[in-house]
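Please walk through this chain with the sequence and the model side by side.

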Amino acid sequence: MLLDFLRLIFDWYGLLDLGVDATIYFVMAIAGTLFFLMKLGLSFFGGDIDYDIDTDFDTDAGSYSIFSLLSIVAFMMGAGWMGLIARAAWEVDPLPSGFMAGGFGLAMMFLAAGMMWGMAKLNSEPRPDLKTAVGKTAKVYMPIPVRGEGEGQVQVTVSGRLRTMPAASVGEAFETWATVRVAEVRDDGVLLVEPVA
């Protein structure tokens, strides 16, 4: 059955006998499959091609797009092959086969977008909770000027990891390697530090 199907779709005149829609499905299936294999091959060799249309969604895992090149390729591949199978193997009429192809193509597109979102989520680093640094002692990593004259940096444990964070003083200046205490966290993420009591 598979050989009959392949023989039918690669027979150009036989394909034309099925209708224009079958020819369009054939072109979509072959083009989508070739782009998919090319992207897969490039990813193995460290290269990548992708293009996002302005439909990014921001999530905790970063931003991702439903209409990336990969999801469009997935739509073409899914709709093309489903349309071809419906027309050539199952002998479905053009209109229902169009709905089947469109539905399957959309499912493949959302599946590809979901997979990209899942991979981005796996690769993303959880956002540290800066409030966990309040009350802890920190080492000055870059000198901190007196209050209102700029920022320096401190090394402090935030959410269980030692991090270098921007810091400003609530009073006096601090030299490098001085020990300070984190008193507060500003809305912009800068730690306000004070002398250790």
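Glu 125 is partly exposed, with 48% relative accessible area; the term covers values between the buried class, under 20%, and the exposed class, over 50%, using a 1.4 Å probe and protein chains only. Glu 125 sits in the loop between helix 5 and strand 3 (137-142). Helices here are DSSP runs of H or I with at least four residues, strands are runs of E with at least two, and both are numbered from the N terminus. Setting aside residues up to four places away in sequence, Glu 125 touches Arg 161 and Arg 163, where contact means heavy atoms within 4.5 Å.

The model is a predicted one, in which local features need pLDDT of at least 70 and side-chain atom pairs count only at pLDDT 80 or more, while totals for chains, interfaces and linings use all residues. Residues are numbered from 1 along each chain as its sequence is written, and side-chain values use heavy atoms, with hydrogens and water left out.

Now the whole chain. It contains five helices and seven strands, and along the sequence these follow the pattern α-α-α-β-β-α-α-β-β-β-β-β. Of the 197 residues in the chain, 32% are buried. Among contacts with a separation of 6 or more, 53% are between residues 24 or more positions apart.

Which way does helix 4 run relative to helix 5? The axes of helix 4 (residues 69-89) and helix 5 (residues 94-123) come within 7 Å and cross at roughly 150°. These axes are lines fitted to C-alpha atoms, for helices over the stretch in contact, and the angles run from 0 to 180 degrees between N-to-C directions. The crossing angle therefore makes helix 4 roughly antiparallel to helix 5, since angles over 145 degrees count as roughly antiparallel, under 35 as roughly parallel, 65 to 115 as roughly perpendicular and the rest as oblique.

The buried residues of helix 5 include Ser 97, Ala 101, Gly 105, Met 109, Ala 112 and Met 116.

The lengths of both helices can be checked against expectation, which is 1.5 Å times one less than the number of residues. Helix 4, with 21 residues, reaches 29 Å from its first C-alpha to its last, close to the expected 30 Å. Helix 5, with 30 residues, should span 44 Å, and its end C-alpha atoms are 43 Å apart, which agrees.

Ile 85 belongs to helix 4 and is partly exposed at 28% relative accessible area.

Next, the backbone in two loops. Most residues other than glycine have a negative phi. Glu 91 is not a glycine, yet has a positive phi of about 55°; it lies in the loop between helix 4 and helix 5 and is exposed, at 66% relative accessible area. Ser 159, also not a glycine, has a positive phi of about 50°. Ser 159 is in the loop between strand 4 (152-158) and strand 5 (161-169) and is partly exposed at 39%.

Towards the end of the chain, Gly 189 occupies the loop between strand 6 (179-185) and strand 7. At 13% relative accessibility, Gly 189 counts as buried. Apart from neighbours within four places in sequence, Gly 189 is in contact with Leu 130, Met 165 and Pro 166. Leu 130 is 59 residues away from Gly 189 in sequence but 7.3 Å away in space, C-alpha to C-alpha.

Glu 194 lies in strand 7 (residues 191-195) and is partly exposed, at 23%. Beyond residues up to four places away, Glu 194 touches Val 170, Phe 174, Val 180, Arg 181 and Ala 183. The C-alpha atoms of Glu 194 and Ala 183 are separated by 6.4 Å, with the residues eleven apart along the chain.
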